[in-house]
Every structure is written in structure tokens, then in C-alpha cells.
Amino acid sequence: MVCLGNICRSPLAEGIMQHLADEQHLDWQIDSAGTGNWHVGQGPDRRSTRVARERGVDISKQVCRQFNVSDFDEFDHILVMDKNNLADVLALAPNVQAKQKVKLLLGDKEVPDPYFDDKLFEPVFDLVENGCKEFIKHII
Ligand code: 4NP
């Protein structure tokens, strides 16, 4: 799960996907990262932590990291939140196989960046949750 800062959207995506995978007894390795490095080592944004907690998902122990080329080897699917993330991650892909792993979580739609708009955290949770449910349905 990849966004720009790895403190708002992708931590929610990691937490929600893990929660849903656990519910369905899917033994998946799920992680998140940011294309940017400003917040590396920090926990998620408090607004994301709060909205997740209110919906029964604990993301408080996640630690921000930057997306790395080795992630193309480590993971089968790389789900990004918006088209900027898509372009940034694709630019790092070493080959066609790596490029094929990268998809927008919402298909052709974007998860908006809530960083500068407190009101977006709630709708972002819903969008990400729907995207994760659709992804699981698609895979299984
Ligand atoms: P995210 O949100 O990509 O959903 O984690 C952002 C967090 C921080 C910044 C931008 C977006 N930033 O510019 O620091």
C-alpha cells in the first residue's frame, strides 16, 4: 500500500487490509510505504489513527518508511492511492514484471490526499475499506 507520505492514507490501507485478511484467515504479508521520505520513522498521522480506532482498526504501531526498489521483489501486488503515486512508483520499476504489479487501489479512481483537509479522513477510510474489500474479492 503506497501513498505520498505514508502517514495518512497508506497506513489506513495497510491496517484495513490486514484487518480484513485476518478476518478471512488469509496469510498475507501486508505493508505500506511512502514515495516521499519526510516522515520516515514517525507513526501515522493522529487523524488517521483516530478514524481507524473508531472503526476497530489499530494502526498506532506502524512506522513510516519510504518505498524502495526491493519492494518490487518482496511483494506480489503494489496498490497505490493516487495517480501521482502511480507515476512515482512506475518510474522506479526495473522491468515490465515489476510495472505489472502496480495498480491504483480503486481501479481507475483515486484516494484523495487528506493531509490538508481534516474532513477527508472519514471518507478516505470508507474509500480505502471498499477498495480493500474489492481487492480481496478479486484475488480470492
Ligand atoms: P499521505 O498524506 O500521502 O496520505 O500520507 C500526506 C502526508 C504528508 C504529506 C503529504 C501527504 N507531506 O507533504 O508531508
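In the predicted model, Asp 82 is found in the loop that links strand E3 (78–80) to helix H4 (83–92). Its relative accessibility is 10%. Because residues under 20% are classed as buried, Asp 82 counts as buried. The side chain of Asp 82 takes part in a polar contact of 2.9 Å with the side chain of Arg 9. The side chain of Asp 82 also reaches a backbone atom, the nitrogen of Asn 84, at 3.0 Å. When residues up to four places away in sequence are left out, Asp 82 touches Arg 9, Leu 104, Glu 110 and Val 111.

Two packed helices are described by the angle between their axes and the distance between the axes. The crossing of the two helices, H1 and H6, is right-handed.

On the H1 side, the contact is formed by Arg 9, Leu 12, Ala 13, Ile 16, Met 17, Leu 20 and Ala 21. These residues meet Val 124, Phe 125, Val 128, Glu 129, Cys 132, Lys 133, Phe 135 and Ile 136 of H6. Of the residues in the contact of H1 with H6, 12 are nonpolar and three are charged, while none is polar.

Terms used. Residues numbered from 1 in each chain as written. Predicted model: local features only at pLDDT ≥ 70, side-chain atom pairs only at ≥ 80, totals over all residues. Heavy atoms only, no water. Helix = DSSP H or I, 4+ residues; strand = E, 2+ residues; numbered from the N terminus. Buried < 20%, exposed > 50% of the residue type's maximum accessible area, 1.4 Å probe, protein only. Polar contact = N/O pair within 3.5 Å; in protein donor to acceptor, adjacent residues only side chain to side chain. Contact = heavy atoms within 4.5 Å. Left-handed = near helix turned anticlockwise from the far one by under 90°. Nonpolar A, V, L, I, M, F, W, Y, C, P; charged D, E, K, R; others polar.
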